[in-house]
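Subject: Handover of a structure

Dear colleague,

Please find below the structure that I am handing over to you. My notes on what was found in it follow directly after.

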Amino acid sequence: MHELAVTQSILTIALENAQKVDAKQITGINLQIGQMASLVDDSIQFYWDILSEGTIAIGAKLNIERVPIEMRCFDCGNLFSPSPDTFDCPKCNSIRVQVIQGDEMRVISIDVE
Amino acid sequence: MSTRIEVAEKILSSNDKIADEVRKKFDSAGVYAINIMASPGAGKTTFIIKLLDSLHGRLRMGVIEGDLASSIDADKAAAAGLPATQINTGGECHLDAVMVDGALQNLSLEHLDLVIIENVGNLVCPINFKIGSHTNLLIASIPEGDDKPYKYPGAYRNVDALVISKIDLLPYVPFDMDYFRKGVEILNPGLESFPLSAKTGEGMEICANWLVKKVKNWKSNLSVENI
């Protein structure tokens with residue numbers, strides 16, 4: 001639901017960085033977004049097409065790398081992706097676990113000409 | 001030929017920067033700020049108004065109400081005697097740092113110890129947008145169901161305290177407290193939680209005492225830092 005604000009921020013970051021190198025055109029944006037970040041790719045693309053119009057980022061390809069949720073068990077050290085309705089360690093059933101990735105929201109790089 | 005430029009920047013970093021500025025404004029006024037998040041209907045406004053009674057004579061409290069539209073919540077808070085201001089987001093599903101910064105002009109911070117910012121009712125978006133608060137508090141109400149930590153892990157993972165509201169309804173609705181608490185413990189180990197009913201008053205005093213202590217500790221650390 002908050003993709004409009006997020007997409008606006010992506011565009012701002014891309015334009016600022018492109019300006020630093022006097023780029024004429026932004027051709028690609030490389031993003032890293034965690035599964036837990038509650039962002040929908042199609043929705044970002046939808047807002048991107050509207051917001052980038054009239055800027056040097058128009059037509060840039062959005063490459064979204066989805067980072068899966070990964071957890072680590074404190075008791076047995078197991079690394080696992082949790083099932084949707086429980087977060088227990090699938091190996092030893094411990095609930096002493098920690099989220100180690102999955103809520104990233106980053107602009108990694110941009111491709112410019 | 002295209003060239004790749006490394007950026008490695010958090011998407012919402014510009015909001016984060018403004019949130020830092022807002023927090024500095026609270027700090028220099030000596031006002032503690034709490035961001036309250038919950039789904040619509042969890043009882044945020046009722047909790048805040050009841051909190052005013054419990055804090056009477058101990059902390060001077062003001063409130064910033066966030067909603068898509070209307071001033072119903074700010075009107076309720078003002079009627080209860082709270083200095084209150086309303087932010088209408090006009091469709092945005094969350095408050096952001098710029099909105100809170102603007103709302104600060106409508107509160108006399110010099111007369112307050114505590115500002116409660118009631119975020120837009122939503123368990124998804126508000127958590128990503130820092131607004132300059134010192135503590136993020138989530139309210140989970142019993143009738144919402146015991147599976148919410150599993151369905152909205154981001155909300156439970158990124159808060160500093162949890163209020164479990166409407167516990168007077170426990171005899172009437174299916175709610176497995178152990179299953180609920182297990183999800184919370186996994187996502188946010190050791191999270192402080194306050195089961196309470198704003199309607200009957202059960203548990204309100206414990207939560208209010210915790211808050212008073214938290215604000216006083218913060219204030220004494222703040223004055224040490226300023227010396």
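How many salt bridges are there over all chains? The count comes to 13. Please keep in mind that this is a predicted model.

Salt bridges

One of these pairs links B:Arg157 with A:Asp103, and their closest N and O atoms are 3.0 Å apart. B:Arg157 belongs to helix 6 (residues 153–157) of chain B, while A:Asp103 sits in the loop between strand 5 (97–101) and strand 6 (105–112) of chain A, so this pair joins two chains. B:Arg157 is partly exposed, with a relative accessibility of 22%. A:Asp103 is also partly exposed, at 30%.

A further salt bridge is formed by the side chains of B:Asp16 and B:Lys130, at 4.0 Å from N to O. B:Asp16 is in helix 1 (residues 13–29) of chain B and B:Lys130 is in the loop between strand 5 (114–118) and strand 6 (135–141) of that chain; the pair therefore ties together parts that are 114 residues apart in sequence. Is B:Asp16 buried or exposed? Its relative accessibility is 14%, and because buried means under 20%, B:Asp16 counts as buried. B:Lys130, at 47%, is partly exposed.

In chain B, the side chains of B:Asp147 and B:Lys148 also meet in a salt bridge, with 2.8 Å between N and O. B:Asp147 is partly exposed at 22% relative accessibility, whereas B:Lys148 is buried at 13%.

In soluble globular proteins, nonpolar side chains tend to be buried together. In this model, the largest nonpolar core has 33 residues, and B:Phe47, B:Leu51, B:Leu55 and B:Leu114 have the most contacts inside it. Several elements of chain B each supply at least two residues of this core, including strand 2 (32–38), helix 2 (44–55), strand 3 (61–67) and strand 7 (161–165). Which element gives the most to this core? Helix 8 of chain B does, with 9 residues.

Leaving aside residues up to four places away in sequence, B:Leu114 touches a number of others, among them B:Ile34, B:Leu55, B:Met61, B:Leu211 and B:Val215. Another core, of 28 residues, lies apart from the largest one; A:Ala5, A:Ile10, A:Ala23 and A:Leu31 are among its members.

Helix 1 of chain B

This helix has 17 residues and reaches 25 Å from its first C-alpha to its last, close to the 24 Å expected at 1.5 Å a residue. Its buried residues are B:Ser13, B:Asn15, B:Asp16, B:Ala19, B:Val22 and B:Phe26. After helix 1 of chain B comes B:Gly30, which has a positive phi near 70 degrees.

A sheet in chain A

An open sheet in chain A is formed by 3 strands in the order 4-3-5, with antiparallel pairing. Strand 4 (79–80) and strand 5 of chain A stand at the edges with a single partner strand each, so one side of each has no neighbour in the sheet. Strand 3 (residues 70–73) of chain A is joined to strand 5 of chain A by 4 bridges. Within this pairing, A:Met71 has A:Val99 in strand 5 as its bridge partner.

Yours sincerely

Note on methods: Residues are numbered from 1 along each chain as its sequence is written. Chains are lettered from A and ligands numbered from 1 in the order in which they are written. This is a predicted model: local features need pLDDT of at least 70, side-chain atom pairs count only at pLDDT 80 or more; totals for chains, interfaces and linings use all residues. Side-chain values use heavy atoms; hydrogens and water are left out. Buried means under 20% relative accessible area, exposed over 50%, partly exposed in between (1.4 Å probe, protein chains only). A nonpolar core is a set of buried Ala, Val, Leu, Ile, Met, Phe, Trp, Tyr and Cys residues joined through side-chain atoms within 4.5 Å. Contact means heavy atoms within 4.5 Å. The expected span of a helix is 1.5 Å times one less than its number of residues. Two strands pair if DSSP finds at least two bridges between them.
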